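Here is a short walk through one structure, meant for a reader who has not seen it before. Please have a look at the sequence and the model first.

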Amino acid sequence: MKTVLIGLGQAGGKLTAALQSFDERMGFGAVLGAVGVNTAKADLKQLPFETVLIGQDRVNGHGVGGDNELGAEVMQADKTEVLSALDGRVTAEAESIFIVAGLGGGSGSGGAPVLAKELQRIYNIPVYVLGILPGEDEGAMYQVNAGRSLKTVARESDAVLLVDNDAFRSSGESMSEGFDAINEAIARRVGLLLASGEATEGVGESVVDSSEVINTLRAGGIAALGYASAEAAPKAEENINAVMSIVRRAVLTGTSLPDASNADSALVVVAGKPDSIPRKGVERARRWVEEETGSLQVRGGDFPLESNRLASLVLMGGVERSDRVESFMERAREAIDEAKNETREDPSEMWQNDKIDDLI
Ligand SMILES: Nc1nc2c(ncn2[C@@H]2O[C@H](COP(=O)(O)OP(=O)(O)OP(=O)(O)O)[C@@H](O)[C@H]2O)c(=O)[nH]1
């Protein structure tokens, strides 16, 4: 799926750079172009693509300090500059636009819903958000920001592909120590998904097409992406169990959003050398995903790739009723209550909202 990426905020910019670099290293050509947008000048300097500094008149290039209402306001005020940077990048070839943002901060979290709404109005290709949920141990402000932003981007975009920082964290590492590794892991998964519809070798009926990614996300709302890989035996019939096992692992332990396997739709992609992918295995795994997700709309297909391994990607659409999303929204609501209690002793402007309101 040929895509233009827009990295908003610090996390969005870094993850976009990782995605673009993965696509280039693998020679996929699914990423057509990338733009970075932020209120903090210093964060933009490190990005290897065109950047747009917004909100200069309000924060003078120093970031919005986690205030996502301000993040939304400055995006609204400066959206024309962001849109002109995209002009010429969103060509006729583009099949989707991905806004990439950390939902816990201020610039990305506030800017994403505003920009998604604007892009939806202008372009007639899907506008997706690749949103990063804050880890459980990040402070109340991050949880509240993410709750409000998530609720709003889910409405304003075609779908939100959600990744939970906690799902990628290695034990013993602090969140910030692990960011580069986390970004690499996310870039691999999302990069393979984008490239899976781009395959040109061995094109046949079973090869997955970009339209299947779009159809899986068509129901809107929140989506999650699972991934797992294993060593491949040379012959397809020797890999039936391996395919079942990597598809199971992708859903049960390798997902971007743990405990989110209740889905409206799903796409099972098996990547590897065409001769090593067993039809029977893919079909069996597809049926298992139907049972596991409770969805009757489970598509399946191959992604021909020169590799001695087999990898599975499972894209699940409409996972918002899953335990994980429920528990995150509960965490955001609790953070708001805690903040309200604190506010009684120490009134602070930061916590004016008494429930998870829409951001815009
Ligand atoms: N996966 C990942 N998450 C990150 C990274 N950097 C920050 N985060 C997460 O993103 C959230 C903070 O968002 P940032 O992108 O730093 O904030 P911002 O959008 O730049 O907004 P302000 O700093 O408030 O102007 C937190 O939940 C962090 O855990 C990163 O490189 N990778």
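This is a predicted model: local features need pLDDT of at least 70, side-chain atom pairs count only at pLDDT 80 or more; totals for chains, interfaces and linings use all residues.

In an unreviewed entry, UniProt lists as "binding site" the residues Q10, A11, G12, G13, K14, G106, S107, G108, E138, N165 and N183.

Q10 lies in helix 1, which covers residues 9–26. Is Q10 buried or exposed? Q10 counts as buried because it has 24 C-beta neighbours inside 10 Å, and the cut-off for a buried residue is 20 or more. Leaving aside residues up to four places away in sequence, Q10 is in contact with N38, A40, D43, G102 and G105.

A11 has 26 C-beta neighbours inside 10 Å, so A11 counts as buried. With residues up to four places away in sequence again left out, the contacts of A11 are A101, G102, G105, G108 and I132.

Now turn to the ligand. Which of the 30 residues around the ligand come nearest? They are G9, G102, G104, G105 and G106. Helix 1, helix 5 (107–122) and helix 7 (179–196) each supply at least two residues of the shell around the ligand. Helix 1 gives the most, with six residues. By residue type, the shell divides into 18 polar, 10 nonpolar and two charged residues.

Conventions:
Residues are numbered from 1 along each chain as its sequence is written. UniProt positions are given in the numbering used here, feature names are shortened, and annotations may be inferred rather than shown by experiment. Helices (H or I, at least four residues) and strands (E, at least two) are DSSP runs, numbered from the N terminus. A residue is buried if 20 or more other C-beta atoms lie within 10 Å of its own, exposed if 12 or fewer, and partly exposed in between; C-beta atoms are placed from the backbone. Two residues are in contact if their C-beta atoms, placed from the backbone, lie within 7 Å. A residue is near a molecule or strand if its C-beta atom, placed from the backbone, lies within 6 Å of it. Ala, Val, Leu, Ile, Met, Phe, Trp, Tyr, Cys and Pro count as nonpolar, Asp, Glu, Lys and Arg as charged, and the others, Gly among them, as polar.
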